[in-house]
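Dear colleague,

Please find the structure below, handed over for your own work.

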Amino acid sequence: LPRRPLHGVLLLDKPLGWTSNDALQKVKGLLRALKGGHTGTLDPLATGLLPLCFGAATKFAQVSLDADKAYRATLTLGARTLTGDLEGAVVEQRPVQVDARSIAEACARLTGPIDQLPPMHSALKKDGKALYEYARAGVDVERERRRVTIHAIDIVEWHDRTLVIEVVCSKGTYIRTLAEDIGQALGCGAHLAALCRMSSGPVRIDGAVSLEELQAMSDADRLARLLPPDALLADWPSLRLDAGEAGRFLSGLRRRVEHPDTDRMRVYGPQPGAFLGSAHIRAGELIADRLLSPPEVHALCRAPATASEFPESLP
């Protein structure tokens, strides 16, 4: 069957052992979508929320890449591995002598702005090559520490050598590195045994579908799983423009608005579902950042929408 233009976001619960790109290509085939992309790589060892963007939604994939994330991580205490997770050989073992208080204190010390050293076994590039390529060749390259923010670490469960935590963090955070840092703070070492992404910005795993569920669906049911492209911006403030102003905005012209300065704004036309794009406001001017094309806006207008999507409007 031929491919078709689709515009929207599908929340996938990525299965264990799949690369993010393999999962994308599988879903793209099931939907027969012309254009698609994912919003940030999950390692094959990781499961959980992987927002997939199709058509017009790909213009806003960076929003999800930049958003805060939440993860549920399972740590094995008492053993460090070459890769910081289950895939690497154990390089050191130590006795585990911890209690609930020491675990809470270790997590507290690692909450807030911290500097992380990116792991060698990662997709981060240096001189055009991924770090894991150097690692596989036995080459250790110099890396710079990166500032990330750990907003919260909640202890879900602890039993013997197994510690389960939920982490809310900024983009660019390596949970494998955080697991190793917790192990170091506890004095026994640790590695990441399992990882599940629970949320990315405003979208959560609650609304995600598995590959098995998607494969079993009819074509109509699969299409019904697509969220509109603005789903990735759902926590942004919004403005609605009348028809004339919407047309001018779509052509890239700056518009005068009565609104305080803001770095991010969803912009809509007068019709239900008429998402026009993203913008920012400076000195009373609405300035477009990423715009949909008129055909894309027309396609989205056929989808249902509610007035609650437009909490603010312009005359």
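In what follows, two residues are in contact, or touch, when they have heavy atoms within 4.5 Å of each other. Please note also that this is a predicted model.

**Overall picture**

The protein chain holds nine helices and 19 strands. Along the principal axes, its C-alpha atoms fill a box of roughly 70 × 50 × 40 Å. Of the 315 residues in the chain, 48% are buried. As for contacts between residues at least 6 apart in sequence, 69% join residues at least 24 apart.

**Helix α3**

Helix α3 spans residues 100–109, and its buried residues are I103, A106 and C107. Viewed down the axis of α3, these buried residues fall within an arc of 95 degrees, so they line one face of the helix. The exposed residues R101 and R109 are carried on the face of α3 turned away from its buried side. The cover over the buried residues of α3 includes strands β10 (146–159) and β11 (162–169), together with helix α5 (175–186).

**Cysteines**

How many disulfides does a search of the whole structure find? The search finds zero. C107, in helix α3, takes part in no disulfide, and the nearest cysteine sulfur, that of C188, is 11 Å away. Since a disulfide requires a pair of cysteine sulfur atoms within 2.5 Å, the 11 Å between the sulfur of C188 and the closest cysteine sulfur, in C107, is too far for a bond. Both residues are buried: C107 has a relative accessible area of 3%, and C188 has one of 2%.

A further cysteine, C53, is located in strand β3, which covers residues 46–54. C53 counts as buried, at 0% relative accessibility. Leaving aside residues up to four places away in sequence, C53 touches G8, V9, K35, G36, G37, T39, T58, A61 and L232. C53 and L24 are 29 residues apart along the chain, and their C-alpha atoms are separated by 9.1 Å.

**Second largest pocket and helix α5**

The second largest pocket holds about 520 Å³ of space. Its lining consists of 26 residues, and those nearest the centre of the pocket are R80, L82, P119, R143 and E180. Two or more residues of the lining come from each of β5 (79–81), β7 (112–116) and α5. Which element gives the most to the lining? That element is α5, with four residues. Sorted by class, the lining has 10 nonpolar, eight polar and eight charged residues.

T177 is placed in helix α5. T177 is buried, with a relative accessible area of 6%. Apart from residues up to four places away in sequence, T177 touches Q116, L117 and P119. Of these contacts, P119 is also one of the residues nearest the centre of the second largest pocket.

Yours sincerely

Methods:
Residues numbered from 1 in each chain as written. Predicted model: local features only at pLDDT ≥ 70, side-chain atom pairs only at ≥ 80, totals over all residues. Heavy atoms only, no water. Buried < 20%, exposed > 50% of the residue type's maximum accessible area, 1.4 Å probe, protein only. Arc of directions from axis to C-beta. 1 Å grid on protein atoms, 1.4 Å probe; cavity = no way out; pocket = protein on both sides within 12 Å on 5 of 7 lines; lining within 4 Å. Points joined across faces, edges and corners; volume = space filled by probe spheres on them. Nonpolar A, V, L, I, M, F, W, Y, C, P; charged D, E, K, R; others polar.
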